[in-house]
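This report sets out the computed features of a predicted two-chain model. Please consult the sequence and the structure shown here while reading.

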Amino acid sequence: MSQPPYQPPGQPPGPPPDPPPEGAGWPTPLPATPAKKPKAPLLAGMLIGAVAPWFFSLVPLILTNGNTAAGYGLYAWVLVPLAGIVLLLVPKTRRWGLGVLIGFFGMLIIGAGACLTIVVGLNASGGFS
Amino acid sequence: MLSAMYPTLAPLIGVPVPTHGFFVALGVVVAACVFVVEARRRGHTDERILYVVLGALMGGAIFMRLGTWLQHLDLRQNASLVEQWAYGNRSILGGLVGAWLGVHVAKRVVGYRLRTGDLFAPAVALGMAVGRVGCLLTELPGTPTGSSYGITLDRTTAARLGAPAGVPLHPSFVYEIVFHAVAFAVLWFWLRHRLTAPGETLTFYLAAYGIFRFFVEFVRGNEVVWAGLTRPQLFLLLTIPLILGRIAWQARRGVYRLAAVEVS
């Protein structure tokens, strides 16, 4: 013997009514918001882009008392933005690259010109060749 | 009033921070804050806005150094690129042009179509007002003025900057700071709420600054190179008509309509 289908109390007998057409009072689902991308790679990249050229220029200079090693450290001023571009081109590291480049060029605007002059000037007495 | 320059902030705060760099950095931070606030208010939350900012920074950083590079028709008299990059002057006008170009290139590359001038205009104005304090404390103030409000340099500072000692000089950077502060107030508290044409506040700001700067150059003390005009003035002589022409063209198209303000 088959059981009659479950009927919720307070509902008329028969199958449930079809949902009304869209926009007739039924709540429409909210559009899916894109997932928020993490800020950490961007901020860390900015810090690296702004600080790394200094680090690689000044630390060898200080450690060698203004001797030759700083000459190689100066390459960081070219390698850091290049690294940023490479990171930017790879989809997985795109935000790192974006951060590195924003930090690097922001730092250049803030005043690396004068400071780079100091580094080059100091290095001149230590031998660049 | 100032009588000496402050290459570092050591005499003022006891820490030998480079004055010019400190105030430019502060200006960049302030400008970034204004940019973020305005971007959120206008709903520019797209990820691609970061690329637009990167374009502005790249263009600005490069052109502010190269803007003063080709100074002589005889190319051998100009500094090499490396020398210019490391030792050359940095030009605000060159930086602005570079930033403008950089933004357009970046927008084209990432396909960002919204106008962004309204985000940059108040940010640049306030950033410049702050950054110019660094110039005021470190650079040649201006040409001699007969008035009493000028900056009179002591002998040592005057010798270092190549200016006459004991003579009041035009505080040209104070003029600029006041201009940018007023421009920011006008943009922030009035124009950005009323101008309906997207992106055009930057056009107005740049036109106003170009005209203002042209006249300030007469008392700035920069090298006069041709017909009593300095290099920035020659540059502005070419660019100001372009900006004004654009404004006139847009006005004829009816672009500059101010939004109605409700009066209670």
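Leaving aside its neighbours within four places in sequence, with which residues is Ala125(B) in contact?

Ala125(B) makes contact with His180(B), Ala183(B), Phe184(B), Leu187(B) and Tyr205(B), when neighbours within four places in sequence are set aside. Two of these names return in the largest nonpolar core, which has 71 residues: the members with the most contacts inside it are Phe105(A), Leu54(B), Leu57(B), Ala125(B) and Tyr205(B). Helix H6 of chain B, residues 117–138, supplies the largest share of this core, with 14 residues.

Leu126(B) also lies in helix H6 of chain B. Leu126(B) counts as buried because 23 other C-beta atoms lie within 10 Å, where the criterion for burial is 20 or more. Not counting residues up to four places away in sequence, Leu126(B) touches Val30(B), Ala31(B), Val34(B) and Phe184(B). The C-alpha atoms of Leu126(B) and His180(B) are separated by 6.4 Å, although the two residues are 54 residues apart along the chain.

## Helix packing in chain B

The axes of H6(B) and H9(B) come within 6 Å and cross at roughly 35 degrees. On the H6(B) side, this contact is made by Gly117(B), Asp118(B), Phe120(B), Ala121(B) and Ala125(B), and on the H9(B) side by Glu200(B), Thr201(B), Leu202(B), Thr203(B) and Tyr205(B). By class, the contact of H6(B) with H9(B) comprises 5 nonpolar, 3 polar and 2 charged residues.

Helix H9 (residues 200–220) of chain B also packs against helix H10 (residues 231–252) of chain B; their axes come within 9 Å and cross at roughly 145 degrees. H9(B) passes H10(B) in a left-handed crossing. Residues of H9(B) in this contact include Leu206(B), Ala207(B), Gly210(B), Ile211(B) and Phe214(B), while those of H10(B) include Leu236(B), Ile240(B), Ile243(B), Leu244(B) and Ile247(B). The contact of H9(B) with H10(B) has 10 nonpolar, 5 polar and 4 charged residues.

## The pairing of H3(B) with H5(B)

Helix H3 (residues 49–66) of chain B and H5(B) have axes that come within 6 Å and cross at roughly 145 degrees. H3(B) passes H5(B) in a right-handed crossing. Among the residues that make the contact are Leu54(B), Gly55(B), Gly59(B), Gly60(B) and Phe63(B) of H3(B), together with Gly94(B), Gly95(B), Gly98(B), Gly102(B) and Val105(B) of H5(B). By class, the contact of H3(B) with H5(B) has 16 nonpolar, 7 polar and 1 charged residues.

## Two loop residues of chain B

Arg115(B) is placed in the loop between helix H5 (92–110) and H6 of chain B. Arg115(B) has 16 C-beta neighbours inside 10 Å and therefore counts as partly exposed. Leaving aside neighbours within four places in sequence, Arg115(B) is in contact with Pro198(B) and Gly199(B). The C-alpha atoms of Arg115(B) and Ala197(B), which are 82 residues apart along the chain, are separated by 9.6 Å.

Ala227(B) is found in the loop between strand E3 (224–226) and strand E4 (229–230) of chain B. Phi of Ala227(B) is near 55 degrees, a positive value in a residue other than glycine. Is Ala227(B) buried or exposed? Ala227(B) counts as exposed because it has 8 C-beta neighbours inside 10 Å, and the limit for exposure is 12 or fewer.

Chain A contains 4 helices and 0 strands, and its elements run α-α-α-α from the N terminus on. Of its 129 residues, 32% count as buried. Among contacts in chain A between residues at least 6 apart in sequence, 62% join residues at least 24 apart. The contact between the chains takes 15 residues from chain A and 19 residues from chain B. The side of chain A that touches chain B has 10 nonpolar, 4 polar and 1 charged residues.

## Confidence in chain A

Chain A averages a pLDDT of 71, and 52% of its residues score at least 70.

Conventions. Residues numbered from 1 in each chain as written. Chains lettered and ligands numbered in written order. Predicted model: local features only at pLDDT ≥ 70, side-chain atom pairs only at ≥ 80, totals over all residues. Core = buried A, V, L, I, M, F, W, Y, C linked by C-beta atoms within 7 Å. Contact = placed C-beta atoms within 7 Å. Nonpolar A, V, L, I, M, F, W, Y, C, P; charged D, E, K, R; others polar. Axes fitted to C-alpha atoms, helices over the stretch in contact; angles between N-to-C directions. Left-handed = near helix turned anticlockwise from the far one by under 90°. pLDDT = per-residue confidence, 0-100.
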